[in-house]
Amino acid sequence: VLRCWRETWLPLRDAAGAIVGVTLSAEEITEGKAQARRRDFLLRLEERLRAAGGAEAALDAACALLGQEVGATFVGLSRVEEDGVYGVVENEWRAGDTPSLRRRRRLSDFGEGRLGPLLRGETVVVEDARADPRIPDPAGYVGNASLASIDVPLMRGGRMRALLFAADARPRRWTADEVALVEETARRAWEAAERARAEAALRAS
C-alpha cells in the first residue's frame, strides 16, 4: 500500500547563525490523501452522470471513470434477465486491447460459492481466481483476463437485477478503499440510470 507523509525540515544553527544540522518531523497523511482522492473522483462521477444523455450513457461513463481510477483491466455492468438464469453484459470499459465481455452467460457459471453471496446482495472480492476455493474451474476467468475482481450486486425488491464488476488480468489484493469505491460507483450509477429511464418513460407517455 502506498503511504504518504508530510515532512518538515528545520535548520539547527550555532551561536553565529551557521547551519550545523537539521531536525526532521514526519506526519503520515495517507488517510487524508485517500479521502481527498475519493471526494474528487465522486465529484467527477456525479458530473459525468448528470451530463450523460440517458441511462446507457451514464452506465458507460461510470464504467470508464471507475476503470481508470482503480487501474482495472475492465469494468462492466451485467443486467440480469427476468428469469434470473442469465446475465447480459451491456456496458463495459476495457483497457487497451482487452477482449470484450459483451455477451450473455448463465449466472450459474459463476459457481455456487460466488453466486450465492451475490444473490444475497453481498459484494464478492476475488484476489486470484486460480487459488479461490469458491471457483472450482477458473479456466473461464483466465481466458477472460479476470483473475481478480470485485463484483457488486445491484438489488431491487430483494432480487439481484444487475451486477457491476471491476476486474484485473493479474492476481491483485484489492484494498478496502477500492472495494468501497466500486460499491459506491455501482450505487450512484445504477440510481442515475434508473432516473434516466423513468424520465424517458415519462416523456414518452
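Predicted model: local features only at pLDDT ≥ 70, side-chain atom pairs only at ≥ 80, totals over all residues.
**Exercise 1. Work out the order of the strands in the open sheet, and find its edges.**

Step 1. Six strands form the sheet, in the order E5-E4-E3-E8-E7-E6. Their pairing is antiparallel.

Step 2. Strand E5 (104–106) and strand E6 (124–126) each have a single partner strand, so one side of each lacks a neighbour in the sheet. These two stand at the edges.

Step 3. Neighbouring strands of this sheet are turned against each other by 25 degrees on average, direction ignored.

Step 4. Go to the E3 and E8 pair. Six bridges join E3 and E8 in the antiparallel sense. Within E8, Ala-167 is the bridge partner of Phe-74.

Step 5. H2 lies across E3, strand E4 (86–94) and E8, and runs at about 60 degrees to E4. Helix H3 (residues 112–119) also packs on the sheet, where it touches E6, E7 and E8. The direction of H3 makes about 35 degrees with that of E7.

**Exercise 2. Classify the aromatic pair and say which parts it ties together.**

Step 1. The structure holds one aromatic pair. Its members are Phe-74 and Phe-165.

Step 2. The ring centres are 5.9 Å apart, and the planes stand at 80 degrees. Planes over 60 degrees apart count as edge-to-face. The pair of Phe-74 and Phe-165 is therefore edge-to-face.

Step 3. Phe-74 belongs to strand E3 and Phe-165 to strand E8, so the pair links parts 91 residues apart in sequence.

Step 4. Check burial. Phe-74 has a relative accessible area of 2%, so it is buried. Phe-165, at 9% relative accessibility, is buried too.

**Exercise 3. Describe the surroundings of Asp-168.**

Step 1. Asp-168 lies in strand E8, residues 159–168.

Step 2. Its relative accessibility is 3%, so Asp-168 counts as buried.

Step 3. A polar atom of the Asp-168 side chain lies 3.0 Å from the backbone nitrogen of Arg-170.

Step 4. Beyond four places in sequence, Asp-168 touches several residues, among them Gly-71, Thr-73, Ser-146 and Trp-174.

**Exercise 4. Find the largest nonpolar core and the elements that supply it.**

Step 1. The largest nonpolar core has 34 residues. Those with the most contacts inside it include Phe-41, Leu-66, Val-75 and Leu-164.

Step 2. At least two residues come from each of helix H1 (30–51), helix H2 (55–70), strand E3 (74–80), strand E7 (148–156), E8 and helix H5 (176–204).

Step 3. Take Phe-41 as an example. Apart from neighbours within four places in sequence, Phe-41 is in contact with Leu-65, Leu-66, Glu-69, Leu-181 and Thr-185.

Step 4. A second core is separate and has 13 residues, including Leu-115, Val-126, Tyr-141 and Leu-163.

How values were computed:
Residues numbered from 1 in each chain as written. Heavy atoms only, no water. Helix = DSSP H or I, 4+ residues; strand = E, 2+ residues; numbered from the N terminus. Buried < 20%, exposed > 50% of the residue type's maximum accessible area, 1.4 Å probe, protein only. Polar contact = N/O pair within 3.5 Å; in protein donor to acceptor, adjacent residues only side chain to side chain. Contact = heavy atoms within 4.5 Å. Core = buried A, V, L, I, M, F, W, Y, C linked by side-chain atoms within 4.5 Å. Pairing = 2+ DSSP bridges. Axes fitted to C-alpha atoms, helices over the stretch in contact; angles between N-to-C directions. Phe/Tyr/Trp six-rings, centres within 6.5 Å; stacked < 30°, edge-to-face > 60°.
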